[in-house]
Amino acid sequence: MAGSSPAARRSRQWSSPDRRSISSLLTENRNSPLSHQDALAAAQAEHDRVREAAIRVYHDYELQEERRRLLEQEQRILEQQKLEEERIRAEERLRAEEERLRALRAKTIPKLPPEPPTPAPAPTPTTKANGSTAVPEPTKPASEPVKPDATSNSKAALFGPQQPALTNGFNGHANGSSGVKTALPSPSQGFGQAQSPKGSLPGISSLLSQPTTPTVAPTNGLSTSTPAKPVVIPDVDRYVEIHQNLKKLRASLQQQSKASPVLKRRMGDMRRELRKNMGQLVGEKGGNRKQNAAIQALLDESLNGSVPSQLIDPSDFITDKREPVEGALHNEPQLPSLFIYLLNHFAKAVINQFVNECGAQPKTADPIGVLVAMIFSKDIYLWRGKTLIDILMAKLRVVCPVLFGYYGSEKTEQGRARLGWKKGPTGWIPEQQHNDRMKGLGAGYAAISLRNFANSKFTNPWPPSKYWTAMARIANTPPADISDTQCIVLRSMIESSEERFIHFYGNAAIAALRKALVEFSNKAAEKTPGVLGLQVLAQILKRDIGLEL
């Protein structure tokens, strides 16, 4: 109301919720003591109500704050417990590695007794390199350098006769040729007479001590160095043929599926289930039983004939010639083509897992390697008593040729093709993507080949000697041909796998690691990031496990 006083407006705005009627306010006894007492009592009750509500809200707030504080304290305690558990586990691992290192250092190899002195032979004329003759003197000054042949003779007398040449046509050198003698390791290298694990190649400890370029003595007496020649390794080119045969098999199954709707539907379902289970592999112990059983069930279904498919000769997908073996589950000359087709897709899924997941996290390759070793070693999946892992190796040969002794220049089209650099629709993939692929494939190869079958009734389908051979092929590349791709693959093969490698080969493995991480990186013509990465890994091994290379 326009004529109302400000006091009246304030009284209406801030009046008590327990308002009285106007008639009660206008009574005669409105200013009596009793009326004032009633008003005071009502105000006191309202005050108590508001105060109690405020105290209740305050208590609720205190309870919430106390609960939040307790939760935060509990979270801090849990985090501290995790940190302490990780610290304890790290100390336990370090303690175990130190004990293993001390055990390795404690191992000694007895030296041969000295040979009985032989009478000095009569001086005979010898032919020098330029064709002239000279009579050797009985003694030589201390300052005169020792000839290379004298050094090799002294090493041969110390370490015994030379080891036989390898039967795989490799001769311990990525670019070697037949007829070159195998040099034994020097005492400082520590190879000694270490025993190779079961299934290793003869004379495997000499693989990493080959000279970079073999020397051939011509008939004119002059020493010349043979130029580098392309590698010719048995079975490697056969892998390319197997890869082509697998493509033909895929086309054949597509033709068969057109005539058989049951095969077409089930073949697609099998392929999708296999990929799904491969993508669900985890690193926890015992966490892949369901996936392993599902993959084996698919292979069993394709093998027992419940899904009809044409028979095919498995010899088109292996590198060796096989005859029937007594006691083998499959000695017949043919197997269902759907079974080979599923093994092919299993190998493809393995390669994809290595490429997509193991580049950033090399440890994730271990459960995949366990599954590969299990599938290709089971008796029911063998043909004439031997594994069919050549199907997987054919694919690995195409995507990562450096594991099989190939090298080339990353600056040329042909060199990139020889190194396994993938080419997309718009050209070569970026360098970082290529490096990630090579990291995953190197870690995956180590996870497959460094599997311990000592307590297994099955035969290792890809024994540790294959790992040694792959490392030797890379480490013996000529200095001018060393590429970042080789260094990246070599580092990923060693990183997170050095303990298993040392477990298999002992002191010989330590000498091999020195050859791969120190000598190989030092002899590189260019100090590229890949070469420096090998040197960094050597320092990491020294820091983490006390391995001095």
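Predicted model: local features only at pLDDT ≥ 70, side-chain atom pairs only at ≥ 80, totals over all residues.
**Overall make-up**

The chain has 549 residues, and 39% of them are buried. Its secondary structure consists of 17 helices and eight strands.

**Helices H3 and H6**

Helix H3 covers residues 33–106. With 74 residues at 1.5 Å a residue, H3 should span 110 Å, and the 107 Å between its end C-alpha atoms therefore agrees with that expectation. Helix H6 runs through residues 261–279 and reaches 28 Å from its first C-alpha to its last, close to the expected 27 Å.

The buried residues of H3 are Ser35, Glu97, Leu101 and Leu104. The elements that cover these buried residues include H15, helix H16 (507–522) and helix H17 (529–545). In H6, the buried residues are Leu263, Arg266, Met267, Gly268, Met270, Leu274, Asn277 and Met278.

In soluble globular proteins, nonpolar side chains tend to be buried together. The largest nonpolar core of this model holds 100 residues, of which Met278, Phe346, Leu392, Met393 and Phe501 touch the most other members. Helix H8 (residues 337–357) supplies the largest share of this core, 13 residues. Beyond its neighbours within four places in sequence, Met393 is in contact with Tyr239, Phe404, Tyr445, Ile448 and Trp462.

**Cavities**

Rolling a probe the size of a water molecule over the atoms shows where empty space is left. Three cavities of 30 Å³ or more are present in the structure, and the largest cavity contains about 80 Å³ of space. The lining of the largest cavity is formed by Glu97, Arg100, Leu101, Leu104, Glu499, Ile502, Ile510, Ile545 and Leu547. Helix H3 and helix H15 (498–505) are the elements that give two or more residues to this lining, and H3 provides the largest share with four residues. By type, the lining residues of the largest cavity comprise six nonpolar, no polar and three charged. Glu97, Leu101 and Leu104 in this lining also belong to the buried residues of H3.

**Single residues**

Most residues other than glycine have a negative phi, and most peptide bonds are trans. Arg384 has a positive phi of about 55° although it is not a glycine, and Ser496, likewise not a glycine, has a positive phi of about 70°. Arg384 is placed in the loop between helix H9 (365–377) and helix H10 (390–399), whereas Ser496 is found in the loop between helix H14 (484–494) and H15.

A residue under 20% relative accessible area is buried, and one over 50% is exposed. Arg384, at 12%, therefore counts as buried. Ser496, with a relative accessible area of 40%, is partly exposed. Asn507 is also partly exposed, at 27%.

| Residue | Relative accessible area | Class |
|---|---|---|
| Arg384 | 12% | buried |
| Ser496 | 40% | partly exposed |
| Asn507 | 27% | partly exposed |

Asn507 lies in helix H16, one of the elements covering the buried residues of H3. The C-alpha atom of Asn507 is separated by 9.9 Å from that of Thr108, although the two residues are 399 residues apart along the chain.

Key. Residues numbered from 1 in each chain as written. Heavy atoms only, no water. 1 Å grid on protein atoms, 1.4 Å probe; cavity = no way out; pocket = protein on both sides within 12 Å on 5 of 7 lines; lining within 4 Å. Points joined across faces, edges and corners; volume = space filled by probe spheres on them. Nonpolar A, V, L, I, M, F, W, Y, C, P; charged D, E, K, R; others polar. Expected span 1.5 Å × (residues − 1). Buried < 20%, exposed > 50% of the residue type's maximum accessible area, 1.4 Å probe, protein only. Contact = heavy atoms within 4.5 Å. Core = buried A, V, L, I, M, F, W, Y, C linked by side-chain atoms within 4.5 Å.
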